Amino acid sequence: MEKTVLKIGELAARSGLTVRALHHYDSIELLTPSARADSGYRLYNRDDVERLHKIQALRKFGMSLADIATFLASPDAQFADIVAQQIVALDQQIKQASTLRDQLSLLQRQMPSEEAPALEDWLGALEHMKLYEQYFTPEELRRLPFWQQSARRNARWRGMVNELQSLMERGVATDSEEASALSQRWMETLEHDTATNPAFAHRMTQLLQQERAEGRRSPITEEMQLYIGAAFNARKMALYAKYLNDDELHYLREHSRKYQQEWILLFIEVHKQMEQGVPPEAPSSQALAQEWMRLFHARAGSDPQTQAKIRHAHEAEPELLKGTWVSKDTIAFIRQAVAACGAG
């Protein structure tokens, strides 16, 4: 007899999710089981599993749980479009894997013969293998827009790189309007093309650093990265200036980039926690919240009034979060975890 319902443990095992993640989906009413057994076990039917497939597909396209709930609640939601995008992504992966297979087959055919593989043949195979083996799993590559070749995306990046080179050659200051506008577009595009995942962005940075260390030419130099970083920070400071006095702004400017690496690693851990469906009340989430507050105080200072002004700036200026890999959902998660720390 065909099974018509699954217990939560069975669904977790079949879907690759944790039971804790399914509990979280239930608690936020994103995926509520259609029935319960007399013993109290959650029971998921075919419609529930279909909804879970949609949730997981949308997660792979970088949507937050809140946005997914809104999307699925809309009567006009065209999930067929999402499935079509998944097929396109898979087709691209198959094409890339096929290219690598052809290159390796060519090398294999040439090895026993007198015709030695050309340098470009070896390099072509190595270039396709590098990201697979060193930085990203195949599953992660399916979620990484950077890896999906797109003429439009490549042209956009080439245009921004050329624009950046022009600014630097002309000696345009990083706090100019030109540099400010470019840095915002650059960071928002980078955030999108790394699937809004800070871990992916961090690994892309590591990849660039390794390329330079090994003497390979990169279209984005370290000087260019530093220029964009300085321009982006100057843009944020200009927004904060609307809410802080001179002394407060000076302190923030002096400390805003001191703990940059620690912030990045914390963003990665918080993102991972949320993606795995760990609730903000969990001890591990509270530990991350405490680290978040430690870094926030180091950056903003110990004055509660200044801290309140900065929080108000974040609420009043949505642009402060754009291009930072921190979303409103992230802030809400941290606030709930902080509240749980106080209640514990």
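Analyst: One definition is needed at the outset: a residue is buried under 20% relative accessible area, exposed over 50%, and partly exposed in between (1.4 Å probe, protein chains only). The model is predicted, so local features need pLDDT of at least 70 and side-chain atom pairs count only at pLDDT 80 or more, while totals for chains, interfaces and linings use all residues. Residues are numbered from 1 along each chain as its sequence is written, and side-chain values use heavy atoms, with hydrogens and water left out.

User: What makes R185 and E163 a salt bridge?

Analyst: A salt bridge requires a side-chain nitrogen of Lys or Arg within 4 Å of a carboxyl oxygen of Asp or Glu. The N to O distance between R185 and E163 is 2.8 Å, so the pair qualifies. This pair links distant parts of the chain, 22 residues apart: R185 belongs to helix 9 (residues 177-193) and E163 to helix 8 (residues 151-169). Helices here are DSSP runs of H or I with at least four residues, numbered from the N terminus.

User: How do you know that K242 and E317 form a salt bridge, and where do they lie?

Analyst: Their N to O distance is 2.6 Å, which is within the 4 Å limit. K242 lies in the loop between helix 11 (222-240) and helix 12 (246-255), and E317 in the loop between helix 15 (304-316) and helix 16 (328-343), so the pair ties together parts that are 75 residues apart in sequence. K242 is exposed because its 54% is over 50%, whereas E317 is buried because its 11% is under 20%.

User: What makes K272 and E269 a salt bridge, and how are they placed in the helix?

Analyst: At 3.4 Å from N to O, K272 and E269 meet the salt-bridge limit. They are 3 residues apart in helix 13 (residues 260-275), and so about one helical turn separates them.

User: How many salt bridges does the structure hold?

Analyst: The structure holds 15. R46, D47, E50 and K54 are linked in a network of such bridges.

User: How many aromatic pairs are there, and why is the pair of W263 and W292 called edge-to-face?

Analyst: There are 4 aromatic pairs. Rings of Phe, Tyr and Trp (its six-membered ring) pair if their centres lie within 6.5 Å; planes under 30 degrees apart count as stacked, over 60 as edge-to-face and the rest as tilted. W263 and W292 lie 5.3 Å apart, centre to centre, with 85° between the planes, so the pair is edge-to-face. W263 in helix 13 and W292 in helix 14 (residues 283-300) are 29 residues apart.

Key. Helix = DSSP H or I, 4+ residues; strand = E, 2+ residues; numbered from the N terminus.
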